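Please look through the sequence and the model below before reading on. The paragraphs after them are meant to be read with both in view.

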Amino acid sequence: MLAIDERAGFCYSMNASAVRVWELAANPMSVGDICAALCQEFAVEPDTCVRDVSELLTAMRDAGFVSVTDAAMG
């Protein structure tokens, strides 16, 4: 899947787990809830998942793809 930031002129390629985060983030939910789903679907440790999902959501927010609140990051 590709995501395009037309303002900055960037194109982002997303792997399967990033696409799944994108799908889950379509509905307001916490990082913990996203990671609970991902840990069931992918072979990932919870601590690694929280770190990686937090970084991904921050990058998506910075690109204007998602809105992230402090409550969601907790």
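This is a predicted model: local features need pLDDT of at least 70, side-chain atom pairs count only at pLDDT 80 or more; totals for chains, interfaces and linings use all residues.

Residues are numbered from 1 along each chain as its sequence is written, and side-chain values use heavy atoms, with hydrogens and water left out.

The protein chain has four helices and two strands, where helices (H or I, at least four residues) and strands (E, at least two) are DSSP runs numbered from the N terminus. Read from the N terminus on, these elements follow the order β-β-α-α-α-α. Of the 74 residues in the protein chain, 28% are buried, a term that stands for under 20% relative accessible area, whereas exposed stands for over 50% and partly exposed for what lies in between (1.4 Å probe, protein chains only). Contact here means heavy atoms within 4.5 Å, and among the contacts between residues at least 6 apart in sequence, 38% join residues at least 24 apart.

In general, an α-helix has 3.6 residues a turn, so residues three or four places apart point the same way.

The largest nonpolar core has 16 residues, and those that touch the most other members are Val-21, Ile-34, Leu-38, Val-53 and Leu-57. Such a core is a set of buried Ala, Val, Leu, Ile, Met, Phe, Trp, Tyr and Cys residues joined through side-chain atoms within 4.5 Å. Two or more residues of this core come from each of helix H1 (16-24), H2 and helix H3 (46-62), with H2 giving the largest share, five residues. Once neighbours within four places in sequence are set aside, Leu-57 is in contact with Val-21, Ala-25, Val-31, Ile-34, Val-66 and Val-68.

How do the helices pack? H1 and H2 meet at an angle of about 140 degrees, with their axes 10 Å apart, which makes H1 oblique to H2. Their contact is made by Ser-17, Arg-20, Val-21 and Leu-24 of H1 and by Ile-34, Ala-37, Leu-38 and Glu-41 of H2. H1 and H3 pack at about 70 degrees, with their axes 11 Å apart, and they are therefore roughly perpendicular to each other. Here the contact is made by Ala-18, Val-21 and Trp-22 of H1 and by Val-53, Leu-56, Leu-57 and Met-60 of H3. Axes are lines fitted to C-alpha atoms, for helices over the stretch in contact, and angles run from 0 to 180 degrees between N-to-C directions; angles under 35 degrees count as roughly parallel, over 145 as roughly antiparallel, 65 to 115 as roughly perpendicular and the rest as oblique.

Two single residues remain. Arg-20, in helix H1, counts as partly exposed at 24% relative accessibility, and apart from its neighbours within four places in sequence Arg-20 is in contact with Leu-38, Glu-41 and Phe-42. Pro-28 is found in the loop between H1 and H2 and is exposed, with a relative accessible area of 83%.
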